[in-house]
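This briefing is for a reader meeting the structure for the first time. Please look over the sequence and the model before reading on.

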Amino acid sequence: MHICRRLACGLALLVAWSGGALAQTAEASFPPAALDEVIATIGARHLHPRLDQPGPWVAAATGASQLRSPPLLVLTPGQLRVGQAGWPGFVGRVHKLACGGPPRDDALFFERSGPAWHPPWRTDVPPLRPGGLRQRDEAAELVATFDAPFTEADFRCVLSLALEALPPSRQDAARRAAATWLLRAHDPHSRLMSDQTWQEVNAAESSHAEFGLRLLRADGRWRIAAVDKGGSAEAAGVRVNDVLLQVDGVDVGAVAQGDLAKRLDRPVGAVILLRLQTGAEAARVVRLVVRALQVPDVEGEALPVGWVGRALRGALRVRIDKFAPGGAERLAALLQPARSPPPPGLVLDLRGNQGGVLPVALEMLGRLLGPADVGHVETREGQAAIPTSPPAADGKPSTPLLKVRTALPIVVLIDSRCASACELLAAALRRHAGALIVGARSHGKATLQDAIALRQGAGRLALTIGRFDGGPGEPIQARGVVPDVALTGVRGAGPREEDALVALPPNAGCEAPS
């Protein structure tokens, strides 16, 4: 079986979240066997397992120790000196780490006793580009600068010390935190998921109790990144790029993401007042009500007369929010309606599409292009071509909707939130159908995650098992898809894959495998 047939899904995580009530679900138990299964699966299936290096084990030990009160950090003497000299609030006691032997001089326990401290990159390091964010955190920085030996045995020792200091009711959470930090040390997209999250990924419609807007931290301020159709934000006249100044009369300009999420976490029917500012206009207050909002994965509408030039007059605008099962059929129904001629042009709106189920994107490409190789994938098994969807069940390939290159004018809209399978689809339409890419450079997330059900009933493991490109000369990972026409009004600021400290680099080569 072809390699890409076995790749279950391409999930994309991004530091831009749906404003409103965030789903809170009870976590399943996480016994020792679940942690052992995560470690074994990383070693067996991750594209680049780093279990022979100290960083992941340091991260896992630190994650488990964070639940202890007071929390512990695993540091080298050099890190300790830097922290004491330059990290505000870095106060606590130091213990030498002893794991089945004499106390070590190269690895230390730092018992944090002061208030929460913030490493200097959170306050005085300039962004990587105007409006961008440095996606660094405490764990990633400690991992990157840990230069002493630290093995799985050392991690197990620290874990046992952390568990001894915790009541039984919190030990599952400590093991889960260890697994989470171990995954974070490998790449930004490997993570633990609840079964509910996995079901939402595969749902054709996303149901959210929210205001119908999405926020992004850019230029030191919270901005409106997207306004969902049918939400109370759209009805209240909230606009993309509006600056969020206050929530219920409280300034939020300097509020961290987690704190802002808590302020916006409201039940359905709740009312909230947002103070917004559009450009240089006077600030205004809008009243929003939390609704149970459903966002379909594929929807289409005719472009209003006068919006476009002659080439796209009468064209159909198709919005693809994510790639969910059945999406290819819904796309085909829009482009080839039963009683109407196909549209004379297509505007494919992929802005904000963070990926989804990769085979669905390949099936869409199969419907649009017919049989074609749209890129290459690299896994631990080697490299292989990525074909579009296979022929129909009767053995006959379906007629492609884009029969002749450039016969149907196509414009593809992307922004910095377009990630994963979204980027592969955009690159393939440009290469094989002559599509014009318009907007801002995409996110640059070209890694594939397989959702692996943990045998212990502890949820699923979304593990990075592959990395793809868009074909010869078209690397995507950590670079993104560059538009043919860049628009300043399209959201291009904010973190991209290249900003993450542990992001995988681009493929070494984009040539077809021999």
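The structure is a predicted model. The protein chain has twelve helices and 22 strands. Of its 514 residues, 51% count as buried.

**Overall chain**

- Among contacts in the protein chain with a separation of 6 or more, 74% are between residues 24 or more positions apart.

**Helix H1**

- Helix H1 covers residues 32-45, and its 14 residues should span 20 Å at 1.5 Å a residue. Its end C-alpha atoms are 20 Å apart, which agrees with that figure.
- The buried residues of H1 are Ala34, Leu35, Glu37, Val38, Ile39, Thr41 and Ile42.
- These buried residues pack against three helices, namely H2, H5 and H6 (168-184). They also pack against strands S5 (191-193), S20 (447-453) and S21 (460-469).

**Helices H2 and H5**

- Helix H2 (residues 54-65) and helix H5 (residues 152-164) have axes that come within 9 Å and cross at roughly 0°. H2 is therefore roughly parallel to H5.
- On the H2 side, the contact is made by Trp57, Ala60, Ala61, Ala64 and Ser65. On the H5 side, Glu152, Phe155, Val158, Leu159 and Ala162 take part.
- Sorted by class, this contact of H2 with H5 has eight nonpolar residues, one polar residue and one charged residue.
- Serine 65 belongs to helix H2. Its relative accessibility is 1%, so serine 65 counts as buried.
- Not counting residues up to four places away in sequence, serine 65 touches Pro71, Leu72, Val158 and Ala162.

**Nonpolar cores**

- In soluble globular proteins, nonpolar side chains tend to be buried together.
- The largest nonpolar core holds 45 residues, and Val318, Phe323, Leu350, Met364, Val412 and Leu429 are the ones that touch the most other members.
- Leaving aside neighbours within four places in sequence, valine 318 is in contact with Val298, Glu299, Gly300, Leu331, Leu334, Leu335, Leu346, Val347, Leu348 and Asp349.
- There is a second, separate core of 37 residues, which includes Trp57, Leu67, Phe109 and Ile452.

**Helix H12**

- H12 has 13 residues and reaches 17 Å from its first C-alpha to its last, close to the 18 Å expected at 1.5 Å a residue.
- Eleven of the 13 residues of H12 are buried, so this helix is largely enclosed by the rest of the structure.
- The buried set in H12 consists of Ala421, Cys422, Glu423, Leu424, Leu425, Ala426, Ala427, Ala428, Leu429, Arg430 and Ala433.
- Those residues pack against helix H11 and against strands S15, S16, S18, S19 (436-439) and S21.
- Glycine 434 follows H12 and has a positive phi, near 70°.

**Backbone details**

- Most residues other than glycine have a negative phi, and most peptide bonds are trans.
- Serine 69 and proline 70 are joined by a cis peptide bond, with omega about -5°. Proline 70 is found in the loop between H2 and strand S2 (72-75).
- Serine 420 is not a glycine, yet its phi is positive, at about 60°. Serine 420 sits in the loop between S18 and H12. With a relative accessible area of 1%, serine 420 is buried.
- Alanine 478, also not a glycine, has a positive phi of about 65°. Alanine 478 is in the loop between S21 and S22, and its relative accessible area of 15% makes it buried.
- Proline 475 lies in the loop between S21 and strand S22 (485-486). The cut-off for buried is under 20% relative accessible area, so proline 475, at 18% relative accessibility, counts as buried.

Definitions and conventions: Residues numbered from 1 in each chain as written. Predicted model: local features only at pLDDT ≥ 70, side-chain atom pairs only at ≥ 80, totals over all residues. Heavy atoms only, no water. Axes fitted to C-alpha atoms, helices over the stretch in contact; angles between N-to-C directions. Helix = DSSP H or I, 4+ residues; strand = E, 2+ residues; numbered from the N terminus. Parallel < 35°, antiparallel > 145°, perpendicular 65-115°, else oblique. Contact = heavy atoms within 4.5 Å. Nonpolar A, V, L, I, M, F, W, Y, C, P; charged D, E, K, R; others polar. Buried < 20%, exposed > 50% of the residue type's maximum accessible area, 1.4 Å probe, protein only. Expected span 1.5 Å × (residues − 1). Core = buried A, V, L, I, M, F, W, Y, C linked by side-chain atoms within 4.5 Å.
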